[in-house]
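Subject: Structure for your review

Dear colleague,

Please find the structure below, together with its sequence. My notes on what was found in it follow.

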Amino acid sequence: MNLRVAVVGGGTGGLCLAHGLVRAGVEVAVYERSRTRTERLQGYRVHIDPHGAAALHECLPPDAWQRFLSVTGESAHEFAFVTERLRELAVVREPAAADPAAAHHSVSRISLHQVLSTGLDGILWHDKEFVRYEAGPKAVTLSFADGTTAEADLVIGADGASSRVRAQLLPHARRVDTGIVTIVGKTPVSEAGDRFKAGPVYVVAPPGCGMFTAPHLFPEVAVNDETAELDSVLFDNSRSYVMWAYGSRRLSTSDTNLRDAALSSIHGWHPDLVHLVESSPEASVSRLPILTSVPVKPWEAGPVTLLGDAVHSMTPFRGIGANTALRDAQLLCRNLSAGSDVRVAVGEYEREMRKYGFRAVRTSARSAEQFVSESRLGRVAARGMFRAMGAVAKLRG
């Protein structure tokens with residue numbers, strides 16, 4: 001195909017798309033602002049759901065797909081709902097899917113980036129900070145902070161929630177602060193109680209706050225070559241851990257000792273939860289203010305489009321942001337590979353993407369509100385619902 005595609009941003013969705021386009025014979029270049037491949041290798045566990053798994057399976061070459069599977073954590077097929085005193089409300093168990101491309105996976109964000117950024121020599125360009133684009137009659141010209149330029153027939157903004165491509169294409173698109181602040185940390189699995197090793201745990205806490213934990217148990221063979229020299233657990237890619245997140249609107253955005261702030265907030269909770277937070281190295285603890293995008297009305301399809309958080313950034317409370325970006329990559333790759341008119345392909349992608357993308361935004365925002373709800377009646381009702389769900393599950397078991 002003669003189509004030249006430029007992807008701005010080397011994150012999950014942009015790199016997945018690049019692999020898919022390469023497989024389809026489309027000329028593609030990815031421009032990433034990080035100076036090196038390892039500059040921003042940090043992060044926590046990412047949940048890949050069947051949508052995300054299907055997209056990765058379709059877009060990645062077979063060897064990369066197998067490498068992805070080799071670094072996913074040991075699958076946990078139960079999800080527990082508990083009180084802040086670790087009183088069990090319900091445990092939901094899901095049978096393992098026979099097809100990995102239709103399954104749930106736990107993967108370190110570091111490992112996922114390593115897999116996706118491999119095999120793109122001559123395609124993935126680092127130290128390319130996008131500044132602006134200019135759409136001409138025959139091509140789109142991209143300008144970078146280093147003074148260089150590049151041309152493409154189609155530009156895809158995959159540059160995250162603070163997208164500069166979106167700011168130019170859709171200057172009226174907004175992101176709003178929900179007022180929720182989360183503190184997130186990693187605890188070595190050796191310091192975590194058995195409950196937190198078995199699978200994700202949703203703590204139905206007192207009104208005004210919530211907590212979530214999830215294990216990531218590395219397989220024996222992991223992609224850790226680029227992080228083996230780093231001491232901080234935030235950057236570590238070799239030792240199993242449990243991720244925890246505490247959220248509330250009562251947290252201060254100015255707290256400097258985040259671990260102490262989280263400990264103060266869960267004072268009086270079950271000792272195992274307190275110990276989980278206490279055992280997190282300070283370097284692994286981060287503050288994440290929670291913002292969400294506001295749906296925008298349809299725009300005219302052209303030689304510039306958007307993907308992932310650049311268009312439909314959402315809260316992390318349903319764990320669907322990365323999966324929605326991967327779904328974008330899969331759909332856009334399919335449309336561009338079909339050989340139809342580029343603007344028609346982009347327009348069809350945007351129409352479908354707006355439907356499921358902003359539906360995910362709304363779903364995620366509702367989950368965020370429920371997570372930190374101040375309603376005592378609502379918390380009582382939620383605990384009753386989970387107890388009933390747990391009782392039904394036990395009867396079926």
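Throughout these notes, contact means heavy atoms within 4.5 Å. The model is a predicted one, in which local features need pLDDT of at least 70 and side-chain atom pairs count only at pLDDT 80 or more, while totals for chains, interfaces and linings use all residues. Residues are numbered from 1 along each chain as its sequence is written, and side-chain values use heavy atoms, with hydrogens and water left out.

Setting aside neighbours within four places in sequence, Leu 17 is in contact with Val 7, Ile 156, Leu 307, Ala 329, Leu 332 and Cys 333. Leu 17 is also among the residues that touch the most other members of the largest nonpolar core, which has 72 residues. Such a core is a set of buried Ala, Val, Leu, Ile, Met, Phe, Trp, Tyr and Cys residues joined through side-chain atoms within 4.5 Å. Helix H11 (residues 342–371) gives this core its largest share, 8 residues. A second, separate core has 28 residues, including Leu 86 and Met 211.

Helix H1 covers residues 12–23; helices (H or I, at least four residues) and strands (E, at least two) are DSSP runs, numbered from the N terminus. Of the 12 residues in H1, 10 are buried, where buried means under 20% relative accessible area, exposed over 50%, and partly exposed in between (1.4 Å probe, protein chains only). Leu 17 is one of these buried residues.

Gly 160 lies in the loop between strand E11 (154–157) and helix H5 (164–169). Gly 160 is partly exposed, with a relative accessible area of 22%. Not counting residues up to four places away in sequence, Gly 160 touches Arg 166, Asp 309 and Ala 310. The C-alpha atoms of Gly 160 and Leu 307 are 8.5 Å apart, although 147 residues separate the two along the chain.

On a 1 Å grid over the protein atoms alone, a cavity is a set of points where a 1.4 Å probe fits but cannot get out, and lining residues have an atom within 4 Å of a point. The volume of the largest cavity is about 60 Å³, a volume being the space filled by probe spheres set on the points, which are joined across faces, edges and corners. The whole structure holds 1 cavity of 30 Å³ or more.

With kind regards

Key:
Expected span 1.5 Å × (residues − 1). 1 Å grid on protein atoms, 1.4 Å probe; cavity = no way out; pocket = protein on both sides within 12 Å on 5 of 7 lines; lining within 4 Å.
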